[in-house]
Structure formats: C-alpha cells, structure tokens
Amino acid sequence: MYCAGNLAEAETLCRRAMTERERVLGEKHAETLESVNMLGIVLWRQQKLEEAEVLCRKALEGRERLLGTNHLDTLESANDLALVLKKQGKLKDAEVLYRRALAGWEAQLGTMHPETLKSVNNLAVLLEKQGKLEEAEGLHRRALAAREAQLGPNHPDTLQSVNNLALLLGEQDKLEEAEGLKRRALAGCEAQLGANHPDTLTAVNNLALLLGEQDKLQDAEGLYRRALAGFEAQLGPNHPSTLGSASNLAGLLQTQGKLDEAEGLHRRALAAREAQLGPNHPDTLQSVNNLALLLGEQDKLEEAEGLKRRALAGFEAQLGPNHPSTLGSASNLAGLLQTQGKLDEAEGLYRRALEGFEAQLGENNPDTLSSVNNLAFLLEKQDKLQDAEGLYRRALAGFEAQLGAGHPDTLDSVRNLAGLLEAKGGHAEAEELYLRELKGLEELHGPDHQETQSSWRNLERFRRKHATG
C-alpha cells in the first residue's frame, strides 16, 4: 500500500501491525521497532510531521539500545528521522543525523555501496538547502562518479545524480554545464524509459526550468507544455505531478506576460489541490501563494492580500511559525504590503522572516541574505538610509562569499548598494559599483543582453546627472 501511494490505508495497516507487535512481542522487540519506524515514514509522507518525529525518534532510540549505534537498522532510523526533521525545517539537526548515517554506512558497507551513495545524495541535497554549495557540489560529483562506475551512465540512479548535480550548478549560475547535464538526463530517460514515462517527463520539466532561468523562454515553454500534456495522458489531470507541471507552465507564462492563461492554470492547480489534499496542505498553500503573486502583478491587490494571509496562516498551522516555508510566506506578504504602502506591517514581517532564517538556516544562507536585502529595500523606502546601508553591505558581502562575485544575486546586491549610496551622496563609490555591475553582467550575459543594456543605461544616467566641471 505504501509503494502504491495509498497512504491512508497504509497508515491503518501500520498502526494495526505496531499495536499487535507491541502486545505480543513488547515495545522493545526488533519487529515492533520496525513497525514503529515504518509508521513514522508513512506519516511523514502524509505531512503528519509531529507524530512522525515522535515515532522515528522512538524507533532510533530503541534500535540504538537493542542493536547498537552502527547497526544497519539503526542507521536506517537515523536517516529516516533526518528526513522528517528536514521536512520540518530543522536543517541543522537533520544534518547531524545525515552525517552520522553516512559515516556508519561507509564503515559498514563501504564507500561505493548503493546505500552509502544514497546517503551521500541525501546529505548533499540538505547542504544545498543550507547554502553550503561547495561541499554539496563535491558530494553530488562523488555520487555521480560512483554510480556511473557501479551502475553505468544511464541507470536511473545515475541519472538522478546527473539531475541533482545539474540543479546545484544552476543555483551557482554554472548554467552551461547544468544545461548539458539536464539534456544528458533527459536523453538517458528517453532511451531507458521512453518519451512519455513519468521520469522522462520530470526530466523534460527540469530542463525547461533551467532554460527559463536562461531566458530561453520559447524553448522552455515548449518543454513545459510537453511535460504537462504527457503527465495528463499518463497520470490524469489531477495527479500531483500534473498539477506541479501546470504550476510550472503558469509561472513561465507569467514571466512572458501571458497573464490570463497563467491565472487559469494557477486556479486549476489550486482547485485540484484543495479537492485532493485539503485547504491547508503545503502543496495547496503553495498554489495559494502562486496565485497571489500573479494577482499582485495584475494589481488585483485585495484578493492577492487575502490569499497571502491565508497562505501564511496555513503554513503557521501546518509547519510552525519558524519553518522556512512559513518564513518565506511572511516575506511574500510583506512584499505585497510594501507595494500597498503598508510599510509598518511590512517591516515587522520582514524582520520576523530575517530573524527566523538566521535561526533556522544561519546568517549567510542565501535565503537569509535575500531576507536581509528585502528589509534593506524597505528601510530605504522609509528613508532610514543608514540602517539600509548596513544591511545592503551585509547582503553583498554574504552573497560574494557564498555565491561568488559574478553571481546574479551578488550583482543585484551591488546595484542596490550603488543606488543607496547615490541617494546618500556617496557618488564616487556608487559609480564604482554601477561599473562593477555592468562588467559583471557583460561577463555573465554578454554586451547585448537586456540586463546588460539596462545596466549600461543606468551608469550613463548616473554619469550625466553627477558630471563635474
């Protein structure tokens, strides 16, 4: 039942098995602990995270006592508890458990065993979420090389590693290598599974995502439409993969200014997720937020605000006040309130988001730094220029350290600081920063790209306005 996706029935069966084993064998028996752990994972799959954590901790502690800290079943429990903690946004605690599981599997099974490589992958994905991109890249490359050697270049596990590395390289703006890997993953899935297999369609979707980030919008749109049509045919119109594909296409259409079609797709995804998952499931709330963002672009501000408040309240209830999804929702609401001129409430939400990200993810996580930047922008609008400058400088230093001097987020931060210094009269440093942004964009995109041209015009405007003599 678990593998088939019938989670409600799987939960019932797991509870029955656990209760019966506790009665017959006792709470500390190995088979009882197996049932406890399995129920925890089934609950995790259903987003019932608090009870899942309790059960996975119980299984881990029981197996430690019964079997020892490095028994394979104990390591399985450590990994499963890490999965639950990760879903709750408790990333630091999850990292400790993932590192423990990896070290144990390496010692017990060797560095090239499939379970070890799965653990390498799990840790890499978690480190990526924490902004520890260099270590994550090394782990993804390790997993890929090992899987190629063990399983061959087109095994599904190898292709998963190809895709995971591509996703990370995309975050680091290493777009050429990332695109090559995603095209390799797609070709491998097509060869192994066929053009319309769900895994192939997922690879189509992943390539489309990267092409969209590269402003190759027409190619991305064609791939998104292929993925959506394939998921509809293979899985039905209301399957989670279909609805995710509909949301992705809607986001791209939104970028292209095709707002009516995008709105229809966002509303379709929201209605289906409400019916399938309920009004407060995290996927439903993500659709609420997506629709709200679109409505904000259409100046339908009242409906957009209501939806963003609904999303925030839902994430708070489902995931807690300090989960990264909750904090992101608070930041999204703050942005809309800022647009409406409700600056005091917006500032409170931005400060809440920043404090939460610092506590959950660390001071130099990219999400934390984006939150620093958001608060700085609001303070600038309130003419609190000194406070804003300190935050802009912090964001710039953090992005440089985490992502590199030529990353788009770093260059955005350069421009933000330049604009503030211009407003404060610091013209010499502002000109240096405007020039730095232009050179960075020329290297990143080339001289004819629209962002490069916009930066060049901005520098020319600055020089005309502040020309001396």
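Trainee: Which helices do the buried residues of helix 9 pack against?

Mentor: This is a predicted model. In it, the buried residues of helix 9 pack against helix 8 (156-171) and helix 10 (198-213).

Trainee: Which residues of helix 9 are buried?

Mentor: Start with the general idea. An α-helix has 3.6 residues a turn, so residues three or four places apart point the same way. Now the case here. The buried residues include Leu175, Ala178, Leu181 and Ala185. Glu179, Lys182, Leu186, Gly188 and Cys189 are also buried.

Trainee: What comes just after helix 9?

Mentor: Look at Gly194. Its phi is positive, at about 100 degrees.

Trainee: Let's step back. How many helices and strands does the chain have?

Mentor: Count 22 helices and zero strands. The C-alpha trace spans about 90 × 50 × 45 Å along its principal axes.

Trainee: What share of the residues is buried?

Mentor: Buried means under 20% relative accessible area. By that cut-off, 48% of the 469 residues count as buried.

Trainee: How many side chains are positive and how many negative?

Mentor: The chain has 54 positive and 72 negative side chains. The centres of the two sets lie 2 Å apart.

Key: Residues are numbered from 1 along each chain as its sequence is written. This is a predicted model: local features need pLDDT of at least 70, side-chain atom pairs count only at pLDDT 80 or more; totals for chains, interfaces and linings use all residues. Side-chain values use heavy atoms; hydrogens and water are left out. Helices (H or I, at least four residues) and strands (E, at least two) are DSSP runs, numbered from the N terminus. Buried means under 20% relative accessible area, exposed over 50%, partly exposed in between (1.4 Å probe, protein chains only). Lys and Arg count as positive and Asp and Glu as negative; His and the chain ends are not counted. The place of a charge is taken as NZ of Lys, CZ of Arg, CG of Asp or CD of Glu. Contact means heavy atoms within 4.5 Å.
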